[in-house]
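Subject: Model for your files, with notes

Hello,

Here is the structure I said I would send. My notes on it follow below.

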Amino acid sequence: MLAKGQTVIQYMEQFAPKSIAVPDDRIGLQLGTLQKDIRNILVALDVTDEVVDEAIALDVDLIIAHHAIIFRALKSINTSTPMGKLYEKLIKHDIAVYISHTNLDIAEGGVNDWMADALGLRHTVPIEQTSTDSLFKLVTFVPASHVEGVRHAITAAGGGHIGDYSHCTFTSEGTGTFQPEEGSEPYIGTTGKLESVSEIRLETVVPSSLRNKIVQALIKSHPYDEVAYDLYPLADSGKVYGLGRVGKLDAPVSLAQFVDTVKQGLDVPIVRVTGDLNRTIKKAAVLGGSGSRYVNQALFKGADVIVTGDIDYHTAQDALMAGIAIIDPGHNTEKIMKSGLAEVIRKRLEADKYDTQVHASTIDTEPFQFV
């Protein structure tokens, strides 16, 4: 059985929700249609002419890429230009292109976490917070005979997570009263007669992003035809989303040693470095893509060094004076997303028993040569 395009994108957006992307980022379906069966998916960093040829050779129906192929509103598509030819080739071969950019950077387990793991960073936090998933308290009232079923449904839908703990709920006993009116279909009681029923008050926390899904799970599992429930906004902070990661190393190393870790972990032959190569590195920051404007935030978070791409001359000078080292391995290090994301999608498809195949692009899209 092949997955539909919408199903694949549903997996994508559960992993990297569009709601956590930075404003005005060019994400989502950029070309083609998802209204079709997907035989093969290609995960790529960039959609170049060589990557499209690779997709055609693999009989790909959908490319999921990190960098957009349409950056600004199009006024025309001239198929005699390089980009026009690219769009034409994709359309002629019915290959859709879906972009997951800053939402994939920010996502828990996404680009910045893959890079942090490759560098051996522990106990990471974002360099810059971009959003939080607010919390609600969900309270419902359930007959004792159904409380375990409702509890299971709510927690399976994502309710009841507090830190590293799941299935967090609280119950208390009480008495509910109600009177079924004309047209009702009461699970308990008789139309027109006031009823008093022993019930369990079941309460838990739910994140805003899963609120509708959890309420639907509650209603579906509850025996009453009219389910009584309350949702209260909480002042507690929910999950924090943000760009980049800052974390500690298992043991202090010299900047020179950490450079070797970066080259090996991010698979780059050469890097640019500022700072004394003998200085000690205990805490490091990493941010995929262009990170010049995040150097000061990394310093504020206590990082001894930031690993990021596209550092300009004046940012490097300012960092030297501020006392934070910089390792610039280039923008293309985000290629780490190809294998990471392919594995995420592959596991979801296999779990749901789809035959759709997922490929990580093998094309090197680094535009620079190192001579």
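Accessible areas here come from the Shrake-Rupley method with a 1.4 Å probe, and for residues only the protein chains shown count as cover. By that method the protein chain exposes about 19200 Å², with carbon and sulfur atoms supplying 51% of it.

The model is predicted, so local features need pLDDT of at least 70 and side-chain atom pairs count only at pLDDT 80 or more, while totals for chains, interfaces and linings use all residues. Residues are numbered from 1 along each chain as its sequence is written, and side-chain values use heavy atoms, with hydrogens and water left out.

Overall picture

The protein chain has 11 helices and 19 strands; these are DSSP runs numbered from the N terminus, with helices being H or I of at least four residues and strands E of at least two. Taken along the principal axes, the C-alpha atoms fill a box of roughly 85 × 55 × 35 Å. Of the 371 residues, 46% count as buried. Buried means under 20% relative accessible area, exposed means over 50%, and partly exposed is in between (1.4 Å probe, protein chains only). Among contacts in the chain with a separation of 6 or more, 73% come from residues 24 or more positions apart; a contact means heavy atoms within 4.5 Å.

The annotated site

The UniProt record, an unreviewed entry, places the feature "binding site" at H66, H67, D105, H331 and E334. UniProt positions are given in the numbering used here, feature names are shortened, and annotations may be inferred rather than shown by experiment. These residues span 269 residues in sequence, yet no two of their C-alpha atoms are more than 12.9 Å apart, so they gather at one spot. The lining of the second largest pocket includes H66, H67, D105, H331 and E334.

D105 sits in helix α4 (residues 102-106) and is buried, at a relative accessible area of 4%. Not counting residues up to four places away in sequence, D105 touches H66, V111, N112, L243, R245 and E334. H331 is in the loop between β18 (325-328) and α11 (336-351) and is partly exposed, at 26%. With neighbours within four places in sequence left aside, the contacts of H331 are H67, G289, S290, G309 and D310.

Helix α3 and what follows it

The buried residues of α3 are G84, L86, Y87 and L90. They cover an arc of only 160 degrees around the axis, which puts them on the same side of α3; the arc is that of the directions from the helix axis to the C-beta atoms. P82 and K92 are exposed on the other side of α3. The cover over the buried residues of α3 includes β2, α2 (49-57), β5 (62-65) and β6.

Just after α3, D94 takes a positive phi of about 50 degrees. Most residues other than glycine have a negative phi. D94 lies in the loop between α3 (82-92) and β6 (96-99) and is partly exposed, with a relative accessible area of 42%.

The backbone oxygen of D94 is reached by the side chain of K36 at 2.6 Å. K36 is in the loop between β2 (28-31) and β3 (37-38) and counts as buried at 11% relative accessibility. Leaving out residues up to four places away in sequence, K36 touches A3, K4, G5, D61, D94, I95 and A96.

Helix α7

In α7 (residues 211-221), the buried residues are I214, V215, A217 and L218. They cover an arc of only 155 degrees around the axis, which puts them on the same side of α7. The face turned away from that side carries the exposed residues N212, Q216 and K220. Covering the buried residues of α7 are, among others, β9 (135-143), α6 (147-156), β11 (195-207) and β12 (229-233).

Regards

Conventions:
1 Å grid on protein atoms, 1.4 Å probe; cavity = no way out; pocket = protein on both sides within 12 Å on 5 of 7 lines; lining within 4 Å. Polar contact = N/O pair within 3.5 Å; in protein donor to acceptor, adjacent residues only side chain to side chain.
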